[in-house]
Amino acid sequence: MTLRPRQILFFLAAVAPVGKLVLLPAQLAGIAGNDLWMPALAHLLFQAALIFCVLLLARRERTVLSLIRACAGGGCAASFAVLYALFLLFCAFLPIVEQKVMVRSIFYDTIPAHLVFAPFFLFSAYLACRPLPALGRIWDILTPVSVVCLIGLFLLSAGSCDFGALAPAGAAGKAGFFAGTAAAFSRFSDAAFLLPLVGRFRYERGFAAKGVLCYLAGGGVLLLFLAVFYGVFGEIAPLQSLAFARVGAFFPARGVVGRIDYLFAFGLAFVMAFYAVLPVHGAVGLVCEAFGERKLLAPLLSAGVNAALFAAVYLLNFYTVTVVSLFSGTLFWVFPVFGALVPLLLALLLGRRRDRGGRRAE
Amino acid sequence: MKKEEMREISGNAQKDGAALKALLPAQDILCFHFADGAGRNAVCVFADALTDKDLLAEQVLRPFRAYAGGAQAEEVAAHLLSPEVRVQTSFQKLAEEVLAGNPVLLWDGGDAGIAAGTKKVPLRAVAEPPTDVAIKGPREGFVEDVKTNTALVRRRLKTGELRIEMLTVGRRTATAVALCWLEGTCRADIVERVKKKLAAVDIDGVPDSSYLVRFLADRPRSLIKQVGTTEKPDIFCAKLCEGRAGILTDGSPIALTLPYLLVEDFQSGEDYFVPAYRATFTRLLRLFALLVAIYLPAFYVAAQIFKLQLLPIRLLLTIAGSVRDIPLSPSLEMLLVLLVLEVLNEASIRMPKYVGMALSVVGALVLGETAVSAGFVSTPAIIIIAFSGIGLYAVPNLIEETSVLRLLMLLVAGSLGTYGIVLLSALVTVALTTTENYGVPLTAPFAPWIARDLKDSLIKSHLLSLEMRPAVLKSPNKRRLK
Amino acid sequence: MSKFLKRLPAKLWMIVCAAITLAFFANDFGLVDLQETALVLAAGIDRDGEEFSLTAQIAVPKGTDRTTGGTSSVEIEGRGATIPECLSDIYARTGWVPKLVFCDLLVLGETATRGDVFDCLDYFLRNEYIPDACLLAACAGSAKELISSASAIDDTSALALLNLFSEAAQKSGQVVPCTLREFAIGYFGESRSGYMPYVRAQAQEGSEQGAGGQGAAQNAEQGQQAQKVYSARETALFSGGALTGVLTSEETFAFSLLLEKVYAGAVTADDKTYVILKNKGGAELVKGGVPGLALRVECKVQIAGEHKAAPPDELAAGELSEEEEVRLSQTLEEHIRSLWQACSEADCDLFFFRRSLRRASRELFAKWKELPLSELDVRVHARAKSLR
């Protein structure tokens, strides 16, 4: 059972951008002010290039581990799987913390007990051990949800948005741009998330270009969202930590129909829940593939990993700001080192087809 | 195996009749002793209530009494007037024939027994099924007799490609099951898998087709519906034409179809007899009603406890006024009203009709008036549950699943609030999208997204646009409109 | 082992279901349901030295047996060094948890607007459960008195006040509402300025008691209280968070015109009242030399009423003569000049000149950001044309 190429495109266009709407917009607004879209654009272009490489690697129609195994042996493949799985779990941590912040804020009127977020890990444990086609089909479902919810939020926020707030471009200067770019590394690991999916879908002619176009289209929506967000909140944007749940709150019929913008926000939260589990799924999948056992290992590993994440999240319950600044500041280099260098190297080293004599690659 | 079952036919009518009777000692199995035209002793063994005695006398006994030819079974069979005659040599087979309502004839010098098809089964007339009423379109419904049902199917599909294979399921009930498919339209592997699964059924009895559902599903313990059901031959035939296999079970008016898609239950036979825009609207309305039925009570509870902002302030104040003196928490209040509704629903279905009226009055009075004025429950709670209850019946084939889901949603809404609803919805989405039956994903054509099949999903395109059979079924014969 | 694993999902499923059911019946995540909640519709803030006083108008739901319309309310006061402390005080005194999610109006009393209003407003900005869409208003006298006064038009003063800021009221040009978000953007921006409607309560002649409800009953206990009608035709100007001036009703109307918010609003000049049916306006930055602002208003108008009777053909047409157009344009220009005068005196960058400067050019902004508003080159242009 494998993914369909279309599902990868759906993920890149409609699911990946939604995962960046929680804390990132306010964080970027705090660092780069009205230039918040610039670091995001830089990351989108960089990720698009990486995604192109990863999708080219998919031409071999073999998984990354099998390519490494063929090239450097089983031990090396297993080591890579474990290391890369750890990196994916590292990537998963911040989105999960963001989820927790989001849940406590937008789903309740008063601060709830910390325990309300615990069921997320049950969901994560369940989803992470599901076979890959499950993810693909879910992306099929999530795409219309994501599109409808984003359009809804854009429509609701249109009346209160002042795009003039984005001027003048470059006001944050180089310092703002680089600081914003460094902080945003922790949120842009889409190419890294795609790596475990390589070889799980059939490569079609021109698919890498299609993937890049879809990612950039989704990225365009992200940039538009950032612009709308800053247009609505201007100077107080850094205070609006849950951007997607805030932008639509100012529509005129609010008093009559209630906060219908929350329905769209809940829809996006639904999409985000799946996005947050994606790296965990990738980590479990990689380790299972490395050790050649899925049926038994996947549920156990998924349960173990999620238990560990649960423990970590709850141990750091009162250190959310520290965690965010640790991932976006002190440890930001981990993301480009693993999330960019590894896919790039793999694409360069393993991406070439060896059989040019007309025979299809294995 | 019993000794009698092992015995061979001796050619002595007295002895053979006694042996057969020993296998079937029940008092309603009768033996009629007589002599044929050559003076040979003969015995006719039959099930009293299941055999048409007039037909037996006319087609079997009268010609056999006049018969004076050879004693070979083939010769005897040729002189009988019944069009359905089977020669059986084993007592076990003869016993099965008797139990199926076919009388068995044994005579002196005979090398085998003869079973004649003069069965008489008390039958309900073909009528419109109460669960699937159509204003426009055919009104016939399946009945409990598999032969009548196959006839209803055959009448609609006058093609040699229609294959009906009779199978027997159930150790004790020996229920006849007709597997129907259109050769060249339904995938051969689906037919083979259904046959295998039916052959593997080893159960005492199959009183209804719902028993078979569990054996046919790929995940038999799942809460998710995996086999399509219908009571109408026109829908059954339409599904066969799309490339599905169908199963008719003796004793059950519910036909099964495979593979099943979730979207099927949002469609009704009538959708194909009304304009496409109307059908699309109705299907979307059904989906909306179902979502309301599942989510409305949950969101109402979550809004009251966890997220007041989901409601506009004026509505919230009205609700706050209504719930002010209610002793129960919002979640318990809703659970109570839901349980009362389920009890009333259950009772009103099972009650005799003349008591049903009284029950409705009691239910309406107790729920609608007394409970509210006594301050046990609030008016909005009753309105919400009533709306939800009505919504549930917009998609009657999914009532079992959706009522459980509604209860689960209510539980998570009362315990975790809106986040619980979102998470449970996510879990249900995963469960639905990962469910496959016979290699066909349940949530197609939405997940996986199959653009071509969307034409007849929640949207209904014009008949002339439905040129191809659903791609998800991978029918060998792809085109249906030329 | 495999048998155990095979049954594990079912067991886990049962455990989860049991836990959820338990949570359902226990239902305690430290959350507060509707029955224990005080739904705050509006809050009034006053300052008493270093202490704040917050008067929350809390909706009291009427039972289903009541057939009268409207919403009853009670006003509860809490005091403390900060706004959260005031809310805690209310909680401690009533047992109700004050929820501000539906608080659509914050009224700032005179004492609160003397200093930086963000001393108290920052709580509402920080708290993620309070929508930034709530409206702000300043008032003459005490906010507590205004919130607690008996309205002549509604049982609940907050709802009567919110009526003043409705969409229809905005179109009339009589009031220019401002949300917390808009005010905060102005305050935290380069202009550090803002505005909000300035509310006055006037006693309704011949009335001595509130319209009803619990609030009114409470008032009755305290003695007969005159019913009030409210007016928000003036606009308070803020600079650096403190109230520095108040626009008159004419200036407020001119401000509405400049914001392009007027539709079917009426303006009177020379004993004639004109209705504005199309309104274009804005404040544009003028670069070159000392930067300035161009305040432009263009509108299509029709005569709505006159001081004296007119013949039927004039009544039917409602057109303005050229002379009337010029006169009305001059009147509007006067209002706009007066508006600008009030702003510059109050040092309130109402038209966000500095913000426009920054958006236009970093160099210009660096050069002119300290330019006093009074030294700005302001060009006013108003043109009223008759609807023909």
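**Note on the predicted three-chain model**

1. In chain C, the domain assignment gives domain 1, covering 34–247, and domain 2, covering 249–388. The structure is a predicted model, and the points below should be read with that in mind. The C-alpha centres of domain 1 of chain C and domain 2 of chain C are 30 Å apart, and the contact draws 21 residues from domain 1 of chain C and 28 residues from domain 2 of chain C.

2. On the side of domain 1 of chain C that touches domain 2 of chain C, the elements giving two or more residues are α7 (167–172), β8 (193–203), β9 (227–239) and β10 (242–247) of chain C. Of these, β9(C) gives the most, with 6 residues. Sorted by class, this side of domain 1 of chain C has 5 nonpolar, 12 polar and 4 charged residues.

3. Turning to chains A and B, their contact takes 29 residues from chain A and 28 residues from chain B. On the side of chain A that touches chain B, two or more residues come from each of α6 (119–128), α7 (132–158), α12 (254–257) and α13 (261–290) of chain A. The largest share of that side, 6 residues, is from α13(A). By class, the side of chain A that touches chain B has 20 nonpolar, 2 polar and 7 charged residues.

4. Within chain A, helix α4, residues 64–72, has as its buried residues Val64(A), Leu65(A), Leu67(A), Ile68(A) and Arg69(A). These buried residues of α4(A) pack against α5 (74–106), α13 and α16 (334–350) of chain A, and α13(A) is also the element that gives the largest share of the side of chain A that touches chain B. Just after α4(A), Gly73(A) takes a positive phi of about 100°.

5. Two packed helices are described by the angle between their axes and the distance between the axes. For α4(A) and α5(A), the angle is about 145° and the axes are 7 Å apart, and the crossing of these two helices is right-handed. From α4(A), the residues Leu65(A), Ile68(A), Arg69(A) and Ala72(A) meet Gly74(A), Cys76(A), Ala77(A), Phe80(A) and Ala81(A) in α5(A). By class, this contact has 7 nonpolar, 1 polar and 1 charged residues. An α-helix has 3.6 residues a turn, so residues three or four places apart point the same way.

6. Chain B contains an open sheet of 5 strands, in the order β6-β7-β9-β10-β8, with antiparallel pairing. Its edge strands are β6 (162–169) and β8 (228–230) of chain B, each of which pairs on one side only. On average, and with direction ignored, neighbouring strands of this sheet are turned by 25° against each other. The pairing of β6(B) with β7(B), residues 175–182, is antiparallel and runs over 8 bridges, and Leu162(B) stands opposite Leu182(B) in β7(B).

7. Two helices of chain B lie across strands of this sheet. Helix α7(B), residues 188–199, lies across β6, β7, β9 (245–249) and β10 (255–258) of chain B, and runs at about 170° to β7(B). Helix α9(B), residues 233–242, lies across β7, β8, β9 and β10 of chain B, and runs at about 50° to β7(B).

Definitions and conventions:
Residues are numbered from 1 along each chain as its sequence is written. Chains are lettered from A and ligands numbered from 1 in the order in which they are written. This is a predicted model: local features need pLDDT of at least 70, side-chain atom pairs count only at pLDDT 80 or more; totals for chains, interfaces and linings use all residues. Two residues are in contact if their C-beta atoms, placed from the backbone, lie within 7 Å. Helices (H or I, at least four residues) and strands (E, at least two) are DSSP runs, numbered from the N terminus. Ala, Val, Leu, Ile, Met, Phe, Trp, Tyr, Cys and Pro count as nonpolar, Asp, Glu, Lys and Arg as charged, and the others, Gly among them, as polar. Two strands pair if DSSP finds at least two bridges between them. Axes are lines fitted to C-alpha atoms, for helices over the stretch in contact, and angles run from 0 to 180 degrees between N-to-C directions. A residue is buried if 20 or more other C-beta atoms lie within 10 Å of its own, exposed if 12 or fewer, and partly exposed in between; C-beta atoms are placed from the backbone. A crossing is left-handed if the near helix is turned anticlockwise from the far one by less than a right angle, and right-handed if clockwise. Domain bounds come from an automatic or database domain assignment.
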